[in-house]
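User: I'm new to this one. Could you walk me through how to read it, feature by feature?

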Amino acid sequence: MTPDLNLGIIGNCAVGALIDRNGRYVWACLPQLDSDPFFTALIDGEDPSRGFFDIELEGFSHAEQNYDRNTAILTTRLHCVKGSIVEIIDLAPRFLNHGRTFRPTTFLRRIRTVAGEPFVTIRLRPNVDYGRGVPVTTRGSNHIRYVGTDHVMRLTTNAPVAYILDETSFLLQEPLDLLLGPDESLADPLADTSRRFLDETARYWRNWSRSLSIPFEYQDVVIRAAITLKLCTFEETGAVVAALTTSVPEHAHSGRNWDYRFCWLRDAYFVVQALNRLGATKTMEGLITYISNIVARTGGGHIQPVYSITTNPNLEEWMTDGLQGYRGMGPVRIGNQASEHIQNDVYGQVILVATQAFFDRRLFLPDLPALFERLELAGEQAWALYDKPDAGLWEFRTIAQVHTYSAAMCWAGCDRLAKIALSLGLNERSDYWRKRAEIMRDRIMAECWNAEINSFADAFGGSNVDASLLQLADIGLIPADDPRFIGTVEAVGRELKRGQHVFRYISKDDFGEPETAFNVCTFWYIEALCAIGRMEEARELYDAVLASCNHLGLLSEDIDPATGELWGNFPQTYSMVGMITCATLLSRSWKEAL
């Protein structure tokens with residue numbers, strides 16, 4: 001079975017798994033989102049023979065798949081040519097228990113017959129050590145233990161253990177439960193535990209969805225994107241990963257295979273924006289706390305663009321020889337060299353993320369004056385580095401310029417420090433940061449505007465455009481109705497738009513010329529169209545992007561504008577944020593609609 005990105009995601013903000021449209025687990029890292037993957041079939045060749053958890057139906061003809069409304073519970077129905085139907089319900093338990101959120105390192109599969117007399121085979125073939133080994137297996141009367149290099153998982157089930165170990169086909173007569181979790185005995189009967197996990201998890205997600213502030217239009221799109229965004233959260237620390245996967249290439253045989261199971265501070269700004277629009281305050285507060293932790297640790301020194309979900313700065317990049325890659329398109333990278341890059345926009349980004357804490361009365365973060373003092377240290381770095389070369393937000397590995405976006409984000413950080421100081425009654429500090437921001441803005445305007453192309457350029461003195469320029473009005477560097485910003489939007493559309501999709505840039509980089517569009521750039525273009533009043537065009541483009549989602553309404557990082565095929569790591573946080581932001585901009589208000 002050739003892998004693709006027609007995948008669903010389940011999770012509980014501690015662990016997550018990707019399930020293909022036939023109900024096969026093809027990716028999951030345990031015991032946390034950036035750990036050694038237990039299921040690896042997604043990135044282990046054209047037709048992987050391991051690294052999955054499958055319920056195979058004899059005489060299989062086709063499958064149907066959907067989420068239970070407003071939840072992270074995935075239902076797959078397998079159909080047999082003879083008319084038999086098997087239903088699989090997949091979830092990761094998450095609910096309130098004894099006043100705390102219960103989110104164990106556990107996945108639950110419930111299987112039942114819907115029609116006929118189906119024969120099924122349960123195949124559970126995990127990996128360890130990034131595909132270089134398999135766990136040692138031991139069995140009990142109602143469980144199987146999988147002993148890995150650094151953790152042990154237990155499958156507790158009322159299915160015949162021998163059938164699972166031998167992968168024997170059997171008649172599915174009674175509903176079955178398969179609980180894959182820590183090596184611990186259950187306190188209650190499996191059937192009772194499974195029913196409770198299902199019912200309580202459904203109740204949790206429906207209550208959480210009910211708390212969201214959503215637009216009148218695109219409600220299902222926004223709810224699904226919001227749930228997916230939350231599933232990319234490691235709640236224990238507040239981190240949000242860029243995606244659950246590593247090394248799904250940006251396009252075929254590109255070598256652009258990156259590990260996205262980490263938290264980019266740049267992404268955090270966009271996530272906070274989206275969560276604020278929805279009123280998801282707890283997740284937003286957790287992310288601000290994560291960022292504040294990093295700012296405090298660096299103490300005014302260098303801030304990396306990306307950290308582990310536990311704030312570990314060491315993300316040394318290496319390649320495993322145990323996995324063949326997505327459809328055999330290696331390499332499979334572990335870690336990310338971007339942690340070593342100089343990306344100067346990060347200083348502005350962390351200030352913009354933390355700014356929410358000073359003005360949002362819903363949030364409760366301790367000792368805001370101390371946080372402001374730490375942010376001032378980041379501001380000093382922004383001031384010192386805004387006009388210095390860096391790798392830029394596109395993380396060029398061998399190309400350094402004074403990127404317009406990096407300079408603009410440094411300006412934005414100093415601008416926000418002036419506003420924060422004023423809110424704290426620190427007028428002298430406010431004047432200090434305001435004057436610096438004015439100097440920075442004047443320099444950026446002089447160096448980055450290119451009258452010949454009637455657009456801002458991607459770098460000081462440059463003549464090319466990139467999609468990040470679409471953010472200049474959103475961060476407040478220039479009004480949206482300024483002819484220079486309108487000219488920039490038009491230049492991006494003219495140079496980077498291919499069909500209904502927008503590229504990051506089209507010039508050659510370290511790996512040649514890009515071949516796929518970067519989904520968030522299309523959303524940025526839609527936002528910019530809204531800002532300059534081209535609403536009808538923006539809506540048409542947004543609807544086209546939604547049509548590009550997979551069968552469950554999810555997006556990866558990239559898309560081939562010619563074929564519509566999804567590429568890149570999945571599900572992409574940036575893409576989910578774009579879906580939410582554009583929906584809120586394009587939707588009629590509740591008052592207008594009712």
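Analyst: Let's go through a sheet, some helices and a few backbone details. This is a predicted model, so local features need pLDDT of at least 70 and side-chain atom pairs count only at pLDDT 80 or more, while totals for chains, interfaces and linings use all residues. Residues are numbered from 1 along each chain as its sequence is written, and side-chain values use heavy atoms, with hydrogens and water left out.

User: Thanks. In what order do the strands of the open sheet come?

Analyst: First the terms: helices (H or I, at least four residues) and strands (E, at least two) are DSSP runs, numbered from the N terminus. Two strands pair if DSSP finds at least two bridges between them. Here 8 strands make an open sheet, in the order β7-β8-β9-β12-β18-β16-β15-β14, with antiparallel pairing. At the edges are β7 (60-67) and β14 (136-139), each pairing on one side only. On average, neighbouring strands of this sheet are turned by 15° against each other, direction ignored. For angles like that, axes are lines fitted to C-alpha atoms (for helices, over the stretch in contact), and the angles run from 0 to 180 degrees between N-to-C directions.

User: How many bridges link β9 and β12?

Analyst: There are 7 bridges between β9 (residues 85-91) and β12 (residues 107-115), in the antiparallel sense. To find your place, look for Val86, which stands opposite Thr113 in β12.

User: And which residues are bridge partners in β18?

Analyst: β12 and β18 run antiparallel and are joined by 5 bridges; there, Phe107 has Leu180 of β18 as its bridge partner. β16 and β18 also run antiparallel, with 5 bridges, and Thr157 is partnered by Leu178 of β18. As for covering, buried means under 20% relative accessible area, exposed over 50%, and partly exposed in between (1.4 Å probe, protein chains only). By that rule β18 is mostly covered, with 6 of its 7 residues buried.

User: Which helix lies across β9, β12, β16 and β18?

Analyst: That's α2 (residues 190-210), which runs at about 100° to β12. In this sheet, β16 spans 152-157 and β18 spans 176-182.

User: How do I read two helices packed together?

Analyst: Two packed helices are described by the angle between their axes and the distance between the axes. Take α3 (residues 219-231) and α13 (residues 573-586): their axes come within 9 Å and cross at roughly 145°. The contact (heavy atoms within 4.5 Å) involves Val221, Val222, Ala225, Ala226, Thr228 and Leu229 on the α3 side, and Thr573, Met576, Val577, Met579, Ile580 and Ala583 on the α13 side. Sorted by type, those contact residues are 10 nonpolar, 2 polar and no charged. For that sorting, Ala, Val, Leu, Ile, Met, Phe, Trp, Tyr, Cys and Pro count as nonpolar, Asp, Glu, Lys and Arg as charged, and the others, Gly among them, as polar.

User: What span should α4 have, and how far apart are its end C-alpha atoms?

Analyst: The expected span of a helix is 1.5 Å times one less than its number of residues. For the 14 residues of α4 (residues 265-278) that should be 20 Å, and the end C-alpha atoms are 20 Å apart, which agrees. α4 is mostly covered, as 11 of its 14 residues are buried, including Arg266, Asp267 and Tyr269. After α4 comes Gly279, with a positive phi near 75°.

User: How does α11 do on that test?

Analyst: Its 13 residues (residues 519-531) should span 18 Å, and the end C-alpha atoms are 19 Å apart, which agrees. α11 is mostly covered too, with 12 of its 13 residues buried; among them are Trp524 and Glu527. Just after α11, Gly533 has a positive phi of about 90°.

User: Which residues other than glycine have a positive phi, and are they buried or exposed?

Analyst: One of them is His253, with phi near 55°, in the loop between β20 (239-240) and β21 (263-264). His253 is exposed, at 64% relative accessible area. Thr311 has phi near 70° and sits in the loop between β22 (306-307) and β23 (318-320), but Thr311 counts as buried, at 8% relative accessibility.

User: Where can I find cis peptide bonds?

Analyst: One joins Leu30 and Pro31, with omega about 10°; Pro31 is in the loop between β3 (25-29) and β4 (37-39). Another joins Phe570 and Pro571, with omega about -25°, and Pro571 is in the loop between β32 (566-567) and α13.
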